[in-house]
Amino acid sequence: MKKPPTPEHLPGSRRMLTLFLQLPPEERQRLQTFAKLVGRPMSWVVRDACRLYMDAAEADPESLNPLRAGGPKLDLANAGKTPQGQRGRPVATLGKK
């Protein structure tokens, strides 16, 4: 006997996909501040921003050409890396005890 379709297979389903993002601390703070300003959760802000970005890109695909042609605008060697604090013993200062 065939099972009835589950809700995620029905057209117009509102089932959400889980997506994990990694943001630098300053971008996360900016996102949290904006989410508080509009009174919505961060997931809603990200989802809405992604939807607006894709709508604009679909309306004018030529606007993405500078992104495609120029390649990445960041140094791939340092992408996603946060600066690390100095480890080890502190540097000795002269004349201070």
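**Rings, a charge and a helix crossing**

This predicted model has zero aromatic pairs by the ring-centre rule.

**Exercise 1.** Find which residue lies over the face of Trp-44, and at what distance from the ring centre.

*Solution.* Start from the ring of Trp-44 and look for a charge over its face. Arg-40 is the one to pick, at 4.4 Å from the ring centre.

**Exercise 2.** Work out how the axes of H1 and H2 cross, and which residues make the contact.

*Solution.* First, take the axes: helix H1 (residues 25-38) and helix H2 (residues 42-59) come within 9 Å, crossing at roughly 95°. Next, classify the angle: 65 to 115 degrees is the perpendicular range, so H1 is roughly perpendicular to H2. Then list the contact: H1 brings Leu-31, Gln-32, Phe-34, Ala-35 and Val-38, while H2 brings Met-42, Val-45 and Val-46. Finally, sort them: seven are nonpolar, one is polar and none is charged.

**Exercise 3.** Decide which element has the lowest mean pLDDT and which the highest.

*Solution.* For the chain, the mean pLDDT is 79, with 75% of residues at 70 or more.

Note on methods. Residues numbered from 1 in each chain as written. Predicted model: local features only at pLDDT ≥ 70, side-chain atom pairs only at ≥ 80, totals over all residues. Heavy atoms only, no water. Phe/Tyr/Trp six-rings, centres within 6.5 Å; stacked < 30°, edge-to-face > 60°. Lys NZ or Arg CZ within 6 Å of the ring centre and 35° of its normal. Axes fitted to C-alpha atoms, helices over the stretch in contact; angles between N-to-C directions. Helix = DSSP H or I, 4+ residues; strand = E, 2+ residues; numbered from the N terminus. Parallel < 35°, antiparallel > 145°, perpendicular 65-115°, else oblique. Contact = heavy atoms within 4.5 Å. Nonpolar A, V, L, I, M, F, W, Y, C, P; charged D, E, K, R; others polar. pLDDT = per-residue confidence, 0-100.
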